[in-house]
Amino acid sequence: MSQRALRARPCRREAAPLSLRLRVRGAGGAMSRLGSVQRKVPCLFVTQVTEEPSAKRERQPFKVLATETINRKALDADIYNAIPTEKVDGTCCYVTTYKGQPYLWARLDRKPNKLSEKRFKRFLYSMEDSKEFIWNIEEDFRPVPECWIPAKEIQQSSGNPLPDENGHIPGWVPVEKNSKQYCWHSSVVNYEAEIALILKCHADDPGLLEICSVPLSDLLEQTLELIGTNINANPYGLGSKKHPVHLLVPHGAFEIKNPPMLKHSDILSWFESCREGKIEGIVWHCNDGHLIKLHRHHLGMCWPIPETFLNSQPVVIAVNGTKYDCDFEPKCLFNHFSKLNGQRFSRLKDIKFDV
C-alpha cells in the first residue's frame, strides 16, 4: 500500500513509548543511560503560536511559545518524578550496528519534495479538522541513501514508516570513516579501535567534566549530541577554525542538581538568575522512558548566551592512546587529546592543542 493517511493537526497524537530506561548511579566507570531520542520530544507546557518572527529559526514568521499550562503528555508520563537534565545544543547522533560492528549514525530526516511540502503546508494552515492529508510515500518524498534507516519510535503502517506532524520521517545514516558530508561526526570516532570521544561528568567528582575515549560497544542503542566548533554556531566555544574540536555527549549525561519547580514563572527565574540555568533548555527523563523538554525559546528567552554553565566547569582529559593497538593519525582528535592525557583545564574553551 503506497498511500498513508495522517489526520489534521497531528500534533495531538500521543507519543509512542521510548527506549528502555536504564540508569547507573554513583561512582564507577559505567555510563549512565536514560531515554533515547528517536522522535520529536513534546514540550513541558502547552504551546501557542504568535505571529512574530522566530528568534530560533531564520525565515520562520512565527514563534512557538509556552503557556502556563502543563502538557497532558507530561502529566501522563509522571513529570513530577522525572530526572531533569541539561539540553545540550548540538546535532543528534545514534550508535548502532553497521557492517558487523558498532557505528556512529548521523540524523537524516526523509523530507517531502517541494510540491508535496507546499501541499502539506496548505493543508496545515487550513486547520480543517474534518479532513485527512494523504501521503504517497513512494512519490511525495525525496530519495535517501540505501543505508538509511528510520528512527525506532516513529509510527508505522504495514511495516512502512509514517511522517511525523512536521511531514518528516526521522531517520539515520551511518557515518563512514572518510565522509566529507559528515566529517565532524567522523572526527569523534575511530572504527579501527572502535572508540568514541565523549564529554561527560567525572565519575568521582560531580563538579568536574571529563573528556574520555569510550568503547563504541558501550554506547550501542544510545543517542548522543555532537557538539563543537562547526555545530550550531559553536555555543560552547570549542576549538577554533584552524583547530576544530568536536565531542559526543550522551543524552541525559548532565543531571540538573538544583532544578526549578515545574511552574512557568519559577523556570523563567531559574534560567535568568541561576548559574546552573545558563543552559539551552531542560530535558526530563520520565520513569516510563518518555522524554519531555523545554527550550529557552519556549519562554521567549535568547540562546545562545555569552557564558554557559557547561563552559563554567573545569575539565580533565582522560584519553590514553597507548591503550589501543592502532596508530592514531597525527592530525586526528584522538592523537591531540592523547597528548593532553591527564591535564586539567579551567573551562572547555581553554583547551588548546600544541600543534
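Biologist: Why is Phe334 called buried?

Modeller: Phe334 has a relative accessible area of 2%. Buried means under 20%, exposed over 50% and partly exposed in between (1.4 Å probe, protein chains only). The value for Phe334 falls under the buried cut-off, so the residue is called buried.

Biologist: What kind of model is this, and how are its residues numbered?

Modeller: This is a predicted model, in which local features need pLDDT of at least 70 and side-chain atom pairs count only at pLDDT 80 or more, while totals for chains, interfaces and linings use all residues. Residues are numbered from 1 along each chain as its sequence is written, and side-chain values use heavy atoms, with hydrogens and water left out.

Biologist: How many aromatic pairs are found in the whole structure?

Modeller: The search finds 15 aromatic pairs. In the pair of Phe120 and Phe123, the ring centres are 6.3 Å apart and the planes stand at 25 degrees, so this pair is stacked. Rings of Phe, Tyr and Trp (its six-membered ring) pair if their centres lie within 6.5 Å, and planes under 30 degrees apart count as stacked, over 60 as edge-to-face and the rest as tilted.

Biologist: Where do Phe120 and Phe123 lie?

Modeller: Both are in helix α2 (residues 114-126), three residues apart, which is about one turn of the helix. Phe120 and Phe123 are both buried.

Biologist: What makes Phe328 and Phe334 a stacked pair?

Modeller: Their ring centres are 5.5 Å apart and their planes are at 25 degrees, so both values meet the cut-offs and the pair is stacked. Phe328 has a relative accessible area of 12%, and is therefore buried.

Biologist: Which residues do ring pairs link into a cluster?

Modeller: The cluster holds Phe120, Phe123, Phe133, Trp135 and Phe141.

Biologist: What sits over the ring of Trp172?

Modeller: The charged end of Arg107 does, 5.9 Å from the ring centre. A charge counts as over a ring if NZ of Lys or CZ of Arg is within 6 Å of the ring centre and within 35 degrees of the ring normal.

Biologist: How many helices and strands are in the protein chain?

Modeller: The protein chain has six helices and 20 strands. Helices (H or I, at least four residues) and strands (E, at least two) are DSSP runs, numbered from the N terminus. Of the 355 residues in the chain, 51% are buried.

Biologist: Why is Lys87 called buried?

Modeller: The relative accessible area of Lys87 is 17%, so Lys87 is under the cut-off and counts as buried. Lys87 lies in strand β4 (residues 83-87). Leaving out residues up to four places away in sequence, Lys87 touches Tyr236, Glu280, Gly281, Ile282, Val283, Lys293 and His295. Contact means heavy atoms within 4.5 Å.

Biologist: How do you know that Leu340 is buried?

Modeller: Leu340 has 8% relative accessibility, so Leu340 also counts as buried. Its place is in the loop between α6 and β20 (344-345). Beyond residues up to four places away in sequence, Leu340 touches Ile317, Phe345, Ile351, Lys352 and Phe353. Leu340 and Ala318 are 22 residues apart in sequence, and 8.2 Å apart in space from C-alpha to C-alpha.

Biologist: What share of the contacts with a separation of 6 or more joins residues 24 or more positions apart?

Modeller: In the protein chain, that share is 67%.
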